[in-house]
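Subject: Structure handover

Hello,

Please find the structure below. My notes on it follow.

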Amino acid sequence: MGHFLSKNGKRVKKRRRKVRKNCFLRGPCMLCFIVHNTSALDEDQFESASKAAERYTALTTTEECAKFLLSPKELSIWEEQGKSLLSSVPAKLIGPPLFRTVCSDYSEMPVCKRKCAGVQACTPCKLPRSAVGRVPETGLNNDIAQCPVSVCTLPTSTAECTNLGLEGNMGDCSSLLQQPLSPLGSEDSEVITPENLTDLRMESEPPNINQLPSSILLKVTDDVLKRIASKNRNRIQINISDCRNISDTGVSSIAMQSPGLQKYIAYRCKQLSDISLIAIACHCPLLQKVHVGNQDKLTDESLQQLGEKCPDVLDIHFGQCYKITDEGMMALARGCPRLQKIYMQENKLVTDKSVKTFAEHCPLLQYVGFMGCSVTSQGVIHLTRLKELISLDLRHITELNNETVMEVVKRCKNLSALNLCLNWSINDRCVEFIAKEGKSLKELYLVSCKITDYALITIGQYSATIETVDVGWCKEITDKGATQISQTSKSLRYLGLMRCDKVNEDTVERLVQEYPHITFSTVMQDCKRTLERAYQMGWIPNTSTAS
């Protein structure tokens with residue numbers, strides 16, 4: 001997030017009028033827009049926003065920027081300024097819906113593409129990050145529920161256990177649902193009443209928990225978990241992501257009563273340790289999916305237990321579990337030969353040894369990601385063994401050369417998604433080879449790589465399959481490259497140009513009109529799509545302030 005934010009906060013007040021005129025057109029973020037949009041703010045609001053911007057400029061790393069902007073205090077400031085901003089946008093600048101609708105189906109691999117790249121006309125129904133629901137099995141590669149069916153209906157008094165995602169037949173949960181809803185971690189939050197849920201309820205069917213907004217996170221404790229576990233033993237999925245009040249004891253209790261469990265998801269549960277994951281491994285031999293990213297306390301011991309007790313594991317995610325080393329990873333690889341998906345992120349103790357072991361012992365791997373791990377070309381070259389490889393994420397690899405990437409593309413004939421972002425060594429020659437040899441490739445991400453217009457031109461000239469290209473932050477990309485790939489590529493559907501400062505916004509506007517089948521991503525285009533989505537959700541601008 002911090003990469004997209006303007007760093008001119010210290011001079012906001014002095015250059016107030018000048019910045020208002022030019023700042024947004026230079027391509028910063030909504031933070032810069034809100035701070036400098038003085039027509040939408042009164043003096044007190046502007047003063048608080050300016051002070052926040054000054055504190056922001058003192059930060060030095062992207063991590064510090066993210067923590068600053070996501071802190072409750074700062075979020076409240078930006079939220080208020082954002083409301084003022086949107087309410088004062090002149091209607092003549094927005095007008096009727098101008099933007100096309102895009103509906104694309106992309107793979108699960110984390111990418112650098114902007115989330116608002118297209119307006120979803122047929123957005124599939126996703127479960128909340130933590131929700132109760134029955135999800136039909138659609139295969140390992142698709143965790144999106146197209147038609148979620150409610151497990152338990154929502155009584156007149158709203159639910160306490162919604163934050164716990166349990167897939168399976170839980171029976172009647174009405175005895176558990178006795179407390180009002182309130183956002184996670186907020187003591188003074190407004191209680192959601194039946195009147196607030198009027199729009200969510202449909203006359204043709206009974207109300208259910210899945211109709212609640214996904215942004216509502218509820219307080220779930222070990223006691224709630226135990227009571228749910230006592231209902232039956234047929235659950236096949238547990239999702240406790242972001243539930244900070246659940247301990248190892250609660251997870252262990254539900255593991256002991258869930259012998260048929262297949263999917264365990266617990267993102268950002270930093271309070272959990274090896275005890276909970278070992279309990280899952282010991283009591284749930286049918287386990288297939290384990291996603292426990294960002295759990296700082298996990299060590300190699302739990303991975304060793306998974307490898308010994310759960311040979312049918314197909315999908316693992318241990319990103320940002322910083323204590324995991326090669327020892328645990330290699331034990332897991334040897335014990336789970338049917339593994340199809342592995343995703344690691346910023347695991348600095350994971351090296352080439354792990355990559356080699358997975359390539360040797362897990363020949364069915366289809367999705368592989370080692371973003372920011374201590375992996376080099378010497379480890380990546382072993383991935384050429386994987387004939388079933390579909391998606392490869394090599395963002396921010398310590399040492400990655402062009403020859404290794406080209407060899408992987410040449411040998412892995414089924415590769416359809418390749419992410420090389422944040423690798424400065426990747427150049428035009430490598431991209432030209434990828435365009436020529438990647439016969440199955442559909443997605444190519446090259447953010448912050450050492451490429452020029454020539455790379456885009458070769459993609460348009462040689463590739464008949466690539467649909468998504470992201471070259472954001474590539475400083476040598478100009479109007480020429482963006483124009484030629486749009487003209488020559490028959491398959492292109494998305495072109496990411498975020499912070500390609502040599503690409504003129506007027507050129508992008510022209511391309512939008514000439515090639516409506518392509519979604520172009522820039523600061524300005526993404527902001528327009530955001531406004532369009534606001535229109536679709538029923539937002540109406542305040543025309544009384546229109547000039």
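To begin with one loop: Glu346 lies between strand S6 (341-345) and helix H12 (352-361). Helices (H or I, at least four residues) and strands (E, at least two) are DSSP runs, numbered from the N terminus. This is a predicted model, in which local features need pLDDT of at least 70, side-chain atom pairs count only at pLDDT 80 or more, and totals for chains, interfaces and linings use all residues. Residues are numbered from 1 along each chain as its sequence is written, and side-chain values use heavy atoms, with hydrogens and water left out.

Glu346 has a positive phi of about 55° although it is not a glycine. Most residues other than glycine have a negative phi. Glu346 counts as buried because its relative accessibility is 18%; buried means under 20% relative accessible area, exposed over 50%, and partly exposed in between (1.4 Å probe, protein chains only).

His396 also has a positive phi of about 55° and is not a glycine. This residue sits in the loop between strand S8 (391-393) and helix H14 (402-411). With a relative accessible area of 38%, His396 is partly exposed.

His396 is one of the residues that Asn423 touches, along with Leu394, Arg395, Ile397, Leu400, Ser448, Cys449 and Lys450, not counting residues up to four places away in sequence. Contact here means heavy atoms within 4.5 Å. Asn423 is in the loop between strand S9 (417-419) and H15, and at 2% relative accessibility it is buried.

The axes of H15 (residues 428-437) and H16 (residues 453-462) come within 9 Å and cross at roughly 10°. Axes are lines fitted to C-alpha atoms, for helices over the stretch in contact, and angles run from 0 to 180 degrees between N-to-C directions. H15 and H16 are therefore roughly parallel to each other (angles under 35 degrees count as roughly parallel, over 145 as roughly antiparallel, 65 to 115 as roughly perpendicular and the rest as oblique). On the H15 side the contact involves Asp428, Val431, Glu432, Ala435 and Lys436, and on the H16 side Tyr454, Ala455, Thr458, Ile459 and Tyr462. Of the residues in this contact, six are nonpolar, one is polar and three are charged.

Which residues have the most contacts inside the largest nonpolar core? They are Tyr264 and Phe318, in a core of 97 residues. A nonpolar core is a set of buried Ala, Val, Leu, Ile, Met, Phe, Trp, Tyr and Cys residues joined through side-chain atoms within 4.5 Å. Beyond four places in sequence, the residues that Tyr264 touches include Ile238, Leu272, Leu287, Val290 and His291.

Val290 and His291 are also among the contacts of Ile316, again leaving aside neighbours within four places in sequence. Ile316 is in strand S5 (residues 315-317) and is buried, with a relative accessible area of 1%. Ile316 and Tyr264 are 52 residues apart in sequence and 9.8 Å apart in space, C-alpha to C-alpha.

In helix H10 (residues 300-309), the buried residues are Asp300, Ser302, Leu303, Gln305, Leu306 and Gly307. They pack against helix H9 (274-283), strand S4 (289-291) and helix H11 (326-335).

For the whole protein chain, the secondary structure comes to 19 helices and 13 strands. Buried residues make up 52% of its 547 residues.

Regards

Methods. Nonpolar A, V, L, I, M, F, W, Y, C, P; charged D, E, K, R; others polar.
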